[in-house]
Amino acid sequence: MILTRSPLRISLGGGGTDLPSYYVEHGGFLIAGAIDKYVYINIHPRFIDKFLLKYSHIEESNTIAEIKHPIIRESLFLLKIKEKNLEMTSMADIPAGTGLGSSGSFTTALLKALHAWKRNFVHPHELAEQACEIEIERLREPIGKQDQFIAAYGGITAFTFHKDGRVEARKAALSEDTIHDLEDNLLLFFTGYSRSASAILKDQKNRSEKADSAMIENLHRTKDLGIRSLSCLEAGDTLGFAALMHEHWLGKRARSAGMSNDKINSWYDLAVANGALGGKLIGAGGGGFLMFYATDRTCLRRTMREAGLQEVRFRFDFEGTKILTMD
């Protein structure tokens with residue numbers, strides 16, 4: 001039996017510049033943090049010579065080509081899995097479609113498990129590249145590379161996306177005090193809305209490919225905010241980082257009509273009036289999680305709870321995608 005896990009993530013600055021539609025022309029940059037909420041994949045051999053797949057649905061298949069789940073199907077093709085008698089089960093701490101990068105975490109956890117099945121060692125960079133090949137190249141999803149890379153690497157990591165497609169990863173040089181400050185004062189609240197990242201990002205992709213000046217300028221500012229956010233964090237200036245989160249929020253909301261809605265806007269304003277210095281929507285937008293840097297955690301938690309939002313507490317994960325069990 002093989003059991004792997006891959007962390008979910010929060011974006012800390014520059015999110016959106018990791019899409020090929022932007023970085024191929026301009027280069028991208030962002031900083032992200034892996035958190036201790038996970039997607040798990042279990043692979044186990046069975047006596048029946050068929051695939052048995054358990055995720056949000058259950059399916060049994062005679063061949064790889066017949067598998068309906070696109071990521072599972074393409075992962076098996078990519079790694080040239082010969083065996084058919086495999087049972088695969090996925091579990092997650094947080095539902096999909098909530099902005100924490102679950103698709104990238106699912107793909108990296110699955111690939112890590114399949115590499116373990118084949119007794120292969122795989123470097124986090126290669127693992128992330130393979131996950132991107134499946135989601136972006138093979139399945140043509142209009143998404144970026146952030147989720148796959150931060151899931152594979154873990155930690156608080158800065159990524160530079162070069163025009164030629166190369167991705168450079170660098171561990172952010174944060175002090176222990178700064179890490180603890182972020183873990184104590186960054187609060188996550190679920191809006192209750194789930195959405196498809198692909199649907200939200202399609203507009204950004206199309207407008208970027210058409211060189212829409214408003215979209216390109218917005219993403220230029222977002223990239224600069226990512227660079228400035230990293231500088232603040234490495235200097236230990238968490239209050240400065242929180243102020244930049246608010247700039248991120250304003251820019252992201254202006255990027256596309258689907259990024260927010262009146263309800264989310266009202267929750268954001270309520271939070272800022274009750275203990276939050278700055279905040280942003282995590283992920284593509286349209287729902288998922290609101291994250292705030294709190295100057296008064298008690299007041300903010302009470303206010304958001306009374307408004308009907310559920311908090312998810314977290315710490316950072318510094319291990320990335322890993323094998324938990326291999327018997």
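User: How are α10 and α11 oriented to each other, roughly parallel or roughly antiparallel?

Analyst: Two packed helices are described by the angle between their axes and the distance between the axes. In this predicted model, helix α10 (residues 262–272) packs on helix α11 (residues 297–306) at about 150 degrees, and their axes are 9 Å apart. Angles over 145 degrees count as roughly antiparallel, so that is the relation of α10 to α11. Their crossing is right-handed.

User: Which residues make the contact of α10 and α11?

Analyst: From α10 come Trp 267, Leu 270 and Ala 271, and from α11 come Leu 300, Thr 303 and Met 304. By class, 5 are nonpolar, 1 is polar and none is charged.

User: At what angle do the axes of α4 and α5 cross?

Analyst: The axes of helix α4 (residues 124–138) and helix α5 (residues 146–153) cross at roughly 150 degrees and come within 8 Å. The two helices are therefore roughly antiparallel, and α4 passes α5 in a right-handed crossing. Residues of α4 in the contact include Pro 124, Leu 127 and Cys 132, while α5 contributes Gln 148, Phe 149, Ala 152 and Tyr 153. This contact has 8 nonpolar, 2 polar and 2 charged residues.

User: Turning to strands, why is β9 described as largely enclosed?

Analyst: Burial is counted residue by residue. In strand β9 (residues 276–282), 6 of the 7 residues are buried, so the rest of the structure largely encloses the strand.

User: Which strand is joined to β9, and by how many bridges?

Analyst: Strand β10 (residues 289–294) is joined to β9 by 6 bridges, and the two run antiparallel. Lys 280 stands opposite Met 291 in β10.

Notes. Residues numbered from 1 in each chain as written. Predicted model: local features only at pLDDT ≥ 70, side-chain atom pairs only at ≥ 80, totals over all residues. Heavy atoms only, no water. Buried < 20%, exposed > 50% of the residue type's maximum accessible area, 1.4 Å probe, protein only. Helix = DSSP H or I, 4+ residues; strand = E, 2+ residues; numbered from the N terminus. Pairing = 2+ DSSP bridges. Axes fitted to C-alpha atoms, helices over the stretch in contact; angles between N-to-C directions. Parallel < 35°, antiparallel > 145°, perpendicular 65-115°, else oblique. Left-handed = near helix turned anticlockwise from the far one by under 90°. Contact = heavy atoms within 4.5 Å. Nonpolar A, V, L, I, M, F, W, Y, C, P; charged D, E, K, R; others polar.
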